[in-house]
Amino acid sequence: MRIHRLRYSPYARKVQILAELAGIPHTVVDVPYGDREALAKLTGGYIFVPVLELEDGAVIMESRAICEHLLSLGKGSRLVPEGLEAAAWGYHDFVDGPLEDILFRLASPAIREKWESAFERALYVLVKERKFGAGCVDAWARDRDVLIAKAKKLLEPTLRTLAKKPFVLGDEPTLADAALYGQGAMLEEGDPSLVSAIAPELGAFMRRVERAVPAR
Ligand SMILES: N[C@@H](CCC(=O)N[C@@H](CS)C(=O)NCC(=O)O)C(=O)O
C-alpha cells in the first residue's frame with residue numbers, strides 16, 4: 001500500500017498517521033508539487049493528495065474514503081471505538097471543515113516559502129488565488145493574529161479536554177486525534193511556531209500521538 005502525499009497536506013498527514021496508529025504497513029510517496037505527472041497517470045487525472053494506492057493497483061481518492069478503508073483493515077477498527085462512532089466522525093468532520101478553513105489560511109504564507117522552486121511557489125499562490133482571490137496569501141499573512149485568535153476559539157473545547165485526557169476522545173488515540181494531528185503537521189511543516197502560538201499543549205499533543213504509534 002502506498003500513500004501519495006504532499007508533506008504540508010493536513011489530509012495526507014491525517015491518513016498517514018491513521019495508517020501508522022493502525023499498524024498498517026505502507027510506503028509514503030512524496031509527490032513533487034510541480035510535477036504530478038505520475039500521480040495523474042495513476043489516478044486517471046486527479047492531482048490532489050492524498051491518494052491511496054492498493055496492492056492490486058486500485059486507487060482511493062479523498063481522505064475521508066481513505067480513512068474508511070484504513071479503518072476496515074487490521075487494527076483500524078480500534079480507532080473508531082464502538083459507541084463512539086458519532087463522536088469520532090463528528091470530530092473528524094469538524095476538523096476537516098471549520099477548523100481546516102482557519103488553519104490552512106494561517107499556514108499558507110509560511111508553506112508558500114517552503115517550496116523549492118519559483119514555479120512551485122507561483123503555482124501554490126495561483127491555486128489559492130483562483131479560489132480565494134488575488135493577494136489572498138499576503139492578506140492571510142497580515143491577518144496572522146486574527147487567524148490565531150479564531151483558531152484558539154475553535155480549539156478551546158479540545159484544549160480543555162486535552163488538559164484532562166491524553167487524547168480527544170479519552171485515553172486511547174482515535175480517528176479524531178488523527179484528524180487533529182494532520183492539521184498540526186500542516187502548521188509545523190510551514191512554521192512550527194504557529195502550533196505554540198495557538199497553544200503549547202497542541203505541540204505536546206502532537207508528540208503524544210507520535211508516541212502512540214505501535215512499534216513495528
Ligand atoms: N477533500 C480532499 C481534499 C484534498 C486536497 O485539497 N488536497 C490538497 C492538499 S491539502 C491538494 O492536493 N492541493 C494541491 C494543490 O494545492 O495544488 C480530501 O479530503 O482528500
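Proline 50 sits in the loop that joins helix H2 (37-43) to strand S3 (51-53). Helices here are DSSP runs of H or I with at least four residues, strands are E runs of at least two, and both are numbered from the N terminus. The peptide bond from valine 49 to proline 50 is cis, and its omega is near 5°. Glutamate 62 is not a glycine, yet it has a positive phi of about 75°.

Before going on, a word on the model. It is predicted, so to speak of local features a pLDDT of at least 70 is needed, side-chain atom pairs count only at pLDDT 80 or more, and totals for chains, interfaces and linings use all residues. Residue numbers start from 1 along each chain, as its sequence is written.

**Around the ligand**

Both loop residues turn up again here. The shell around the ligand consists of Leu6, Ser9, Pro10, Tyr11, Phe48, Val49, Pro50, Glu62, Ser63, Arg64 and Val127; a residue is near the ligand if its C-beta atom, placed from the backbone, lies within 6 Å of it. Helix H1 (10-21) and helix H3 (63-71) are the elements that give two or more residues to this shell. Sorted by class, the shell has seven nonpolar, two polar and two charged residues. In this scheme Ala, Val, Leu, Ile, Met, Phe, Trp, Tyr, Cys and Pro count as nonpolar, Asp, Glu, Lys and Arg as charged, and the others, Gly among them, as polar.

**The chain as a whole**

The chain has 10 helices and four strands. Read from the N terminus on, its elements run β-α-β-α-β-β-α-α-α-α-α-α-α-α. The C-alpha trace spans about 45 × 45 × 25 Å along its principal axes. For 216 residues, a compact globule would have a radius of gyration near 17 Å, and the chain agrees, with 17 Å. That radius is taken over C-alpha atoms, and the globule rule is 2.2 Å times the number of residues to the power 0.38.

**How the helices pack**

Two packed helices are described by the angle between their axes and the distance between the axes. The axes are lines fitted to C-alpha atoms, for helices over the stretch in contact, and angles run from 0 to 180 degrees between N-to-C directions.

| Helix pair | Axes come within | Crossing angle |
|---|---|---|
| H4 (residues 85-114) and H7 (residues 144-164) | 9 Å | roughly 155° |
| H1 and H8 (residues 175-190) | 7 Å | roughly 135° |
| H4 and H8 | 8 Å | roughly 5° |

Its angle makes H4 roughly antiparallel to H7, H1 is oblique to H8, and H4 is roughly parallel to H8. Under 35 degrees counts as roughly parallel, over 145 as roughly antiparallel, 65 to 115 as roughly perpendicular and the rest as oblique.

H4 passes H7 in a left-handed crossing, whereas H1 passes H8 in a right-handed one. A crossing is left-handed if the near helix is turned anticlockwise from the far one by less than a right angle, and right-handed if clockwise.

In the contact of H4 with H7, the H4 side includes Pro98, Leu99 and Ile102, and the H7 side includes Arg144, Leu147 and Ile148. Contact means that C-beta atoms, placed from the backbone, lie within 7 Å. The residues of this H4 and H7 contact divide into nine nonpolar, no polar and three charged.

Conventions: Contact = placed C-beta atoms within 7 Å.
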